[in-house]
Amino acid sequence: DVLAVRADLTDPDDVSRLVRETVDAFGGLDHLVTSSGGPPSTTFLETDEQDWYQAYDLLVMSVVWTIEESHEHLLESEYGTITCITSRTVREVADGLLLSNSVRRGVIGLVKTISREFAPDIRANAVLPGTIETARIEELVESGIERGAYEDYEAGLTELASDIPMDRLGEPRELGDVVAFLSSPHASFVNGAEIPIDGGLLRS
């Protein structure tokens, strides 16, 4: 069964309601997976102070609030896990993604810390997606076509995949499979890990 709860992850009250409605519907909570949209593409000189605060709420505080609300329920589960979806930019910066490059690293520090504080009752890990063919990528490619950077959609995908050793973009299911593994008993000794899902793009 799937339950969709619409919520603003930058609003702690909404996050509380999201977790509460989920627990009410299913009678508990076994696994928490955090993810949010990315902040706008920008450079340092184009970014004002409010942009920084908004990015921090979106990328870090949303995770903090969700974990705070979920912790007691995860403790009651036999296999409580937390998996935070971040980005490869926590390892290597990407041009034009100042806010993502800078702010997302806070999530890694958080995951590493709680993986020690919450163990052995709750495991916490992070996954670092590379270029996955999602709606966000479709938007970036369409924007590139409008700017004249790509001739068409396929040309955009080919360009984005040019530095990936697997010679293609990732599929959402491939990211989901790793998250499902980390949430399962098969990963019972994986804790505090940062796992890239990027087709070998990262050099670090």
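Helix axes are lines fitted to C-alpha atoms over the stretch in contact, and the angle between two of them is taken between their N-to-C directions. The model described here is predicted.

**Helix packing**

Helices α2 and α4 (residues 105-117) pack with their axes 9 Å apart and at an angle of about 25°. Angles under 35 degrees count as roughly parallel, so α2 is roughly parallel to α4. On the α2 side, the residues that meet α4 are Leu 59, Val 60, Val 63, Val 64 and Ile 67. Their partners in α4 are Val 107, Leu 110 and Ile 114. By class, this contact has 8 nonpolar residues, with no polar and no charged ones.

The largest pocket holds about 1400 Å³ of space. Leu 97, Gly 130, Thr 131, Ile 137 and Leu 140 are the closest to its centre among the 44 residues that line it. At least two lining residues come from each of α2 (49-75), α5 (135-147) and α6 (153-160). The largest share, 6 residues, comes from α5.

The second largest pocket has a volume of about 330 Å³. Its lining has 16 residues, and those nearest its centre are Thr 22, Leu 29, His 31, Leu 32 and Val 33. Here α1 (12-26), β1 (31-34) and α2 each supply at least two lining residues.

How values were computed:
Residues are numbered from 1 along each chain as its sequence is written. This is a predicted model: local features need pLDDT of at least 70, side-chain atom pairs count only at pLDDT 80 or more; totals for chains, interfaces and linings use all residues. Side-chain values use heavy atoms; hydrogens and water are left out. On a 1 Å grid over the protein atoms alone, a cavity is a set of points where a 1.4 Å probe fits but cannot get out, and a pocket is an open set with protein on both sides within 12 Å along at least five of seven lines; lining residues have an atom within 4 Å of a point. Grid points are joined across faces, edges and corners, and a volume is the space filled by probe spheres set on the points. Helices (H or I, at least four residues) and strands (E, at least two) are DSSP runs, numbered from the N terminus. Axes are lines fitted to C-alpha atoms, for helices over the stretch in contact, and angles run from 0 to 180 degrees between N-to-C directions. Angles under 35 degrees count as roughly parallel, over 145 as roughly antiparallel, 65 to 115 as roughly perpendicular and the rest as oblique. Contact means heavy atoms within 4.5 Å. Ala, Val, Leu, Ile, Met, Phe, Trp, Tyr, Cys and Pro count as nonpolar, Asp, Glu, Lys and Arg as charged, and the others, Gly among them, as polar.
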